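Subject: Handover of a structure and findings

Dear colleague,

Please find the structure below, together with its sequence.

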Amino acid sequence: MTERKKVGLALGGGGAKGFAHIGVLKILEKYNIPIDYISGTSVGALIGALYSAEPNAKKLEKNSLETDWNEFFDYTLPSKGLIKGEKIEAFLKKKLDDLKFKDLKIPLFITTFDIKNKQEVIFHKGDVARAVRASISIPGIFVPVENNGRILVDGGLTDLIPTEILKKEGADIIIAVNVDSIKEKKPNFDEEASSVNEKKNVPGIVSTISKSFQIMEAEASKAELNRDKADWVIDIDLEDITTLDFSKIKEAIKKGEGKAKKSIDKLKKMVEPHPIKELLAEINHLPIVSPVVRGIKKNIHEVTKDIKELGK
């Protein structure tokens, strides 16, 4: 019997927009698309961890909508960051019941970045909540996490949609979810620099950092996915939701569902076994060492079209 291909799901960062991942997970569950590995950065790490611990997208949606995410913003004097991050870590530890990576039901890989050693760090061992806390540490907003001498921040700094680790771990098909898709605008060459000092519309520090990070993430995602690192990309336009706007979680989930549903026919074809096509591939790789094999390869081109039609 032909073995099913292993599927890896890469969940990108994007703050509140990342709750669209739940909508994608709901559709994958509904249409029985298997998930063998999950990788995540920032909010993708958070959603990935909660789902890997308990693979039930509808329950995850319910819990997410009932949670007041803003209450976890424990602001502090901005010497190391605006948000301490202690409340969100305590919430995650309780929600995940202090789970270790080895206890998760789906293998999970969480990306962070060590600003001290200028090196990406991918967690797949140890305390899950701590790894998530490190991965969501948006520079300038969250206080970084110190772990074994490393100073860790948001993994999206260098690896916004972590696909390579999935391939390394054995995924045959990689599905990437990009929640940072934005419409490109042409540069404005007609703006005139004013001598008037305007300040009334300048946003606060948190808004400025989050919006700036949103643009950087979008550009990084585009560059990453342009390198053909995923077999299928689900791009979700959530431009109207800012990084810290947790009042629009329901909207994000719905948009995730809608985009994933449009991809479902293609995804089903990708993950389903194709024994006849695989047999053809194996025959083509056989060395010509016997009259039987030679005969098969001689006539293979004449029957390939018909067999491929049967395999569809």
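**Helix packing**

Helices H4 and H5, the latter spanning residues 128-135, pack with their axes 9 Å apart and at an angle of about 145 degrees. Please bear in mind throughout that this is a predicted model. The crossing in which H4 passes H5 is right-handed. On the H4 side the contact involves Ile88, Glu89, Leu92 and Lys93, and these meet Ala129, Arg130, Val132 and Arg133 of H5.

**Aromatic residues**

A search of the whole structure for aromatic pairs returns 7 of them. In the pair of Phe19 and Phe246, the ring centres are 6.1 Å apart and the planes stand at 85 degrees; because an angle over 60 degrees counts as edge-to-face, this pair is classed as such. Which parts of the chain does this pair tie together? Phe19 belongs to the loop between strand E1 (7-11) and helix H1 (20-30), while Phe246 belongs to the loop between strand E8 (232-237) and helix H8 (249-271), so the pair connects parts that are 227 residues apart in sequence. Are these two residues buried or exposed? Phe19 is buried, at a relative accessible area of 1%, and Phe246 also counts as buried, at 16% relative accessibility.

Phe72 and Phe91 form a tilted aromatic pair, with 4.6 Å from centre to centre and 35 degrees between the planes. This pair links distant parts of the chain, 19 residues apart: Phe72 is in the loop between helix H3 (57-66) and helix H4 (86-95), and Phe91 is in H4. Phe72 has a relative accessible area of 7% and is therefore buried, the limit being under 20%. Phe91 is likewise buried, with a relative accessible area of 16%.

The residues of both pairs belong to one aromatic cluster, formed by Phe19, Trp69, Phe72, Phe73, Tyr75, Phe91 and Phe246.

**A strand hairpin**

Strands E3 (residues 108-114) and E4 (residues 119-123) run antiparallel and are joined by 5 bridges. One of the bridge partners is Glu120 in E4, which is paired with Phe113. The hairpin of E3 and E4 has 4 residues between the strands, and in this hairpin Lys118 takes a positive phi near 55 degrees.

Yours sincerely

Methods
Residues numbered from 1 in each chain as written. Predicted model: local features only at pLDDT ≥ 70, side-chain atom pairs only at ≥ 80, totals over all residues. Heavy atoms only, no water. Phe/Tyr/Trp six-rings, centres within 6.5 Å; stacked < 30°, edge-to-face > 60°. Helix = DSSP H or I, 4+ residues; strand = E, 2+ residues; numbered from the N terminus. Buried < 20%, exposed > 50% of the residue type's maximum accessible area, 1.4 Å probe, protein only. Axes fitted to C-alpha atoms, helices over the stretch in contact; angles between N-to-C directions. Left-handed = near helix turned anticlockwise from the far one by under 90°. Contact = heavy atoms within 4.5 Å. Pairing = 2+ DSSP bridges.
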